[in-house]
Amino acid sequence: MKSSIGLIGLAVMGQNLALNIARKGYKVSVFNRTAQKTEEFVKNRVKGEEIEPHYDIKDFVESLERPRKIILMVKAGKPVDDTISQLLPYLEPGDLIIDGGNSHYMDTERRFKELSEKGILFLGMGVSGGEYGALYGPSLMPGGSREAYNLVEEILLKIAAKTEEGPCCTYVGERSAGHFVKMVHNGIEYAIMQAIAEVYHIMRDVLSLSSEEMSSIFEEWNRGELSSFLVEITYKILRKKDEETGKPMVDVILDKAEQKGTGKWTSQAALDLGIPTPSINLAVVERVISHFKDIRTRLSKLYNKRRSATQGSEEFLRDLRNSLFFAMFMAFSQGMWLIAEASKEFGYGVNLSEVLRIWKGGCIIRAKLIDTLRRYISNENAYLLENEEVMNLLKGKIDSLKNILKASIENEIPVPVLNSSYNYFMSLTEERLPANLIQAQRDFFGAHTFERVDREGVFHINWEEGE
Ligand code: ATR
């Protein structure tokens, strides 16, 4: 009997996805560049699931039902192109390749075009939820042609995470829409993680709370409006002890944050499309700064931080909680606006509410807040702020945020994401920004012209005449 689907790339994500599909009753053929990994996978992890290992790419393709459906879970970049090139000689028009890696959307755009010319269907599919999600139900963001999606919809809906509003999978949109949306998902993830880290920093270095105390606070927050996967893992992380030293695990982890690039790509795309995503940008920058540990250590000896330990009052903790909510809201506001603009610019046809729906389960940024966002999002209000109820909700948080920013300044604690969410909101709600002065400066040194407030047209004046 032929397999329903094939999967190439047996690192942990690929293995788990193959097991997830097989456990839903589909026969899966698998292949990996290094045969040893395939052997180990079959030996150690396949327990009765219908998973057929292949060690030759031609045999692998021939083991699949027509039209063939092949999921790639290989490393992003050249490995995806290499694997596609190896497959092509054995594929026929109408066969489907699904790239489930974190490919750059521009690469997906190019591959979609190249494969379309050969009659091969292609989906660029974002997969979120980590190893656990891949095995028990990820959030899936497939983009490409609707025809291609229809071929695998049944399988994808079955393997995706489930919420009360259905499986966390939808046809996201045309061509590279799926990978674009997944990229922005990761950008939002960067901003929320950094905001949580800033709150932790204040708790640790201003309130002098122990890890256990912080864990209990995050655990309590996770029962309210901040309820989310990232807050949940934070309280679990904070209560974990290092077996070797008995210290809290977080205290023995070096403070250098790594990145694989999706946050940076989000900022780059946002700058290219002209959409403000300051919280995401600064979250990326802060990871970069974290890498300069040696410089930070030297400078910390040249500049002694003025820091006064404060007693953590109920009000202060409430202010921290409200600030985190505000920052999470702004991260989503910026991300959704970027997706809306990309959808318009690239003709993706993304349904913003559906994107939020499939982020309700399975993925890293799943959060109770998404239900609130879904009530207010539309193409005209993709940034989510243009609504009286939303404004009232945010107004209820802003004094808290101001208090926390004041405390962070008094204690010289860096809070780039909390701060940028405040400034993003304050800039967007400012009718008269000082950009008139910038226009004047541009016209002064470069004759770049300006518009006037009192009549139509484009103007340039000689600024030094008569000086
Ligand atoms: P990990 O997640 O274990 O760090 P990785 O290096 O990101 O692994 O690679 C993920 C998957 O992409 C693996 O299945 C890997 O195949 P190998 O087990 O043979 O390393 C696959 N991969 C990486 N580069 C590849 C390439 N150039 N061609 C085909 N597959 C490749």
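**Ligand contacts and salt bridges**

In the side chain of Asn32, an N or O atom sits 2.6 Å from an oxygen atom of the ligand, which puts the pair inside the cut-off for a polar contact (N or O atoms within 3.5 Å). This is a predicted model, in which local features need pLDDT of at least 70 and side-chain atom pairs count only at pLDDT 80 or more, while totals for chains, interfaces and linings use all residues. Residues are numbered from 1 along each chain as its sequence is written, and side-chain values use heavy atoms, with hydrogens and water left out.

Thr34 also reaches the ligand through its side chain, with an N or O atom 2.4 Å from a ligand oxygen. Leu10 uses its backbone instead: a polar backbone atom there lies 3.2 Å from an oxygen of the ligand. On its own the ligand has 620 Å² of accessible area, and the protein covers 69% of that (Shrake-Rupley method, 1.4 Å probe).

The shell around the ligand holds 13 residues, of which Asn32, Arg33, Thr34, Lys37 and Lys75 come nearest (a residue is near if one of its heavy atoms lies within 4 Å). Sorted by class, that shell has five nonpolar, four polar and four charged residues (Asp, Glu, Lys and Arg count as charged; Ala, Val, Leu, Ile, Met, Phe, Trp, Tyr, Cys and Pro as nonpolar; the others, Gly among them, as polar). Helix α4 gives the most to the shell, with three residues (helices are DSSP runs of H or I, at least four residues; strands are runs of E, at least two; both are numbered from the N terminus).

Turning to charge pairs, the whole structure has 31 salt bridges, meaning a side-chain nitrogen of Lys or Arg within 4 Å of a carboxyl oxygen of Asp or Glu. One of them joins Glu62 to Lys58, with the closest N and O atoms 3.4 Å apart. Both residues belong to helix α3 (residues 57-62) and are four residues apart, about one turn of the helix.

Another bridge, between Glu92 and Arg68, spans 3.7 Å from N to O. It ties together distant parts of the chain, 24 residues apart: Glu92 is in the loop between α4 and β5, and Arg68 is in the loop between α3 and β4. Arg68 is buried at 5% relative accessibility, whereas Glu92 is partly exposed at 30% (buried is under 20%, exposed over 50%, partly exposed in between; 1.4 Å probe, protein chains only).

Elsewhere, a network of salt bridges links Asp81, Asp99, Asp107, Arg110, Arg111 and Glu114.

Note on methods:
A polar contact is a pair of N or O atoms within 3.5 Å; within protein, one must be able to donate a hydrogen and the other to accept it, and residues adjacent in sequence count only if both atoms are side-chain atoms.
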